[in-house]
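This report describes the architecture of the model shown below, moving from one of its sheets to its cores and aromatic contacts.

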Amino acid sequence: MSQEKFWVLLSKKLAGEASGNELLDLEALILEHPEWQYAIQNLGDLWNHQPTKDTMQEEDAYMLHLHRMTEKNVPFGEGPVEEHPAKKPTIRKWYWTAAAAAVLVAGGIFIYTTTGNTTPGNELAVKEINEVSTRQGSKSKVQLPDGTVVLLNAGSKLTYNKDFGKGVREVHLTGEGFFDVKKMKETPFIIHTASINIKVLGTVFNVKAYPEDKKTETSLIRGSIEVTIKDRPNDKIILSPSEKLVVENSILLRQEDVKIKENAVEINGADISTLVSINKLKYNPTDSSVVETQWIDNKLVFRDESFDELARRLERWYDVNIDIKDNRLRSRRFSGIFTNETIEQALEALKISVPFEHEQLGNKIIIHR
């Protein structure tokens, strides 16, 4: 209910129709849910750039967006429209705010609160969880209560407790995120992924931790970070600027068999540095930009990747499903950069290096020889 009230109050504020008490209620909701800042920013931008249309066009646009929101179960009642049926100019303002809210949802940015599960005899341990997620083909930006800024890549999810920043700063990441962490010397910032934990004080770095990928990567831009691999909390890896930690997700090792030695890993005396390794970041020779973070500039960069690995990235980037029927194609390797290309243009470019055929039906793409 609080989210529905938030949409209504924010709409009234943007339309210039909110009372003093309503503005106070909105401010209280924003303080209670800082993760909604992204929605506020984007709604404000859309409001300031709304075009001028006649009433019928606006009503059609409103009904279309309202229908889409209903399909996605997004709470936004029609109450504000019904409150002042005689004020047509005022009603039109509500159309644009409703449309803006729908754009956020249609764009793949979902912001909501869930409640953690209880355990027998521990009912008081229930915690509200804030979650920000982006669907395939989209990206989002969120500012956490401590001032930390996180950019989320397609198909990613960031969760944190509602009491974030009150003695602890912990988040859970699934997917890929670029972090600019606000420095707080007394309160470390901790990121949990499926295979590693990352502890920082204040720094800039990128984490790529998609569960379907073979590797988890942590790329440090500046500052320093401490990384521990799950189930091996006593082994700490310190990264310096321009270094990248790569962990093989499919490898499970017993703690007593593993030790870290000079940025490599040994298992019973055998070097397995390919399983957990520290490498230097890659830089684009044309502009010296960091290859591992070029996705934040809307560039899909791939270097010597198998078609199987690249297909998963294309799926997230373009919101499609790719089925490679030929196993020999799966192992073929590609390098390149995609920026404004459509999925059709991207596939045609790949065919220059490795000939193949493809058919597309909706968002499903079948690739074969």
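In this predicted model, three strands form an open sheet in the order E19-E22-E21, and the pairing within that sheet is mixed. Strand E19 (321–324) and strand E21 (357–361) lie at the edges, each of them pairing on one side only. Direction ignored, neighbouring strands of this sheet are turned against each other by 20° on average. Between E21 and strand E22 (residues 364–368), which run antiparallel, there are five bridges, and within this pairing His358 stands opposite Ile367 in E22.

Two helices pack on this sheet. Helix H7 (residues 307–318) touches E19 and E22, and its direction makes about 160° with that of E19. Helix H9 (residues 343–353) touches E21 and E22, its direction making about 170° with that of E21.

Strand E8 (residues 196–200) and E11 run antiparallel and are joined by four bridges; the bridge partner of Asn197 in E11 is Thr228. E11 also pairs with strand E12 (residues 232–239) in the antiparallel sense, where Ile229 stands opposite Arg232 in E12. The antiparallel pairings described here are collected in the table.

| Strand pair | Bridges | Sense |
|---|---|---|
| E21 and E22 | five bridges | antiparallel |
| E8 and E11 | four bridges | antiparallel |
| E11 and E12 | five bridges | antiparallel |

Is E11 largely enclosed or left open by the rest of the structure? Four of its five residues are buried, so strand E11 is largely enclosed by the rest of the structure.

The largest of them has 30 residues, of which Leu158, Val171, Phe179, Phe189, Ile191, Ile198 and Phe205 touch the most other members. Leaving aside neighbours within four places in sequence, Ile191 is in contact with Val171, Leu173, Phe179, Ile196, Asn197, Ile198, Phe205 and Val207; one of these contacts, Asn197, is the residue whose bridge partner in E11 is Thr228.

With 2% relative accessibility Tyr160 counts as buried, and Phe164 counts as buried at 5%. Phe302 and Phe338 form an aromatic pair that is tilted, with 5.2 Å from centre to centre and 50° between the planes. This pair links distant parts of the chain, since Phe302 belongs to strand E18 (residues 300–306) and Phe338 to strand E20 (residues 333–338), 36 residues apart; both Phe302 and Phe338 are buried. Tyr160 and Phe164 also belong, with Phe179, Phe189 and Phe205, to one aromatic cluster, and Phe179, Phe189 and Phe205 are among the residues that touch the most other members of the largest nonpolar core.

For the protein taken as a whole, there are nine helices and 22 strands, and 45% of the 369 residues count as buried. Of the contacts between residues at least 6 apart in sequence, 53% join residues at least 24 apart. The protein exposes about 19200 Å², of which carbon and sulfur atoms supply 50%.

Conventions:
Residues are numbered from 1 along each chain as its sequence is written. This is a predicted model: local features need pLDDT of at least 70, side-chain atom pairs count only at pLDDT 80 or more; totals for chains, interfaces and linings use all residues. Side-chain values use heavy atoms; hydrogens and water are left out. Buried means under 20% relative accessible area, exposed over 50%, partly exposed in between (1.4 Å probe, protein chains only). Two strands pair if DSSP finds at least two bridges between them. Contact means heavy atoms within 4.5 Å. Accessible areas come from the Shrake-Rupley method with a 1.4 Å probe; for residues, only the protein chains shown count as cover. Axes are lines fitted to C-alpha atoms, for helices over the stretch in contact, and angles run from 0 to 180 degrees between N-to-C directions. A nonpolar core is a set of buried Ala, Val, Leu, Ile, Met, Phe, Trp, Tyr and Cys residues joined through side-chain atoms within 4.5 Å. Rings of Phe, Tyr and Trp (its six-membered ring) pair if their centres lie within 6.5 Å; planes under 30 degrees apart count as stacked, over 60 as edge-to-face and the rest as tilted.
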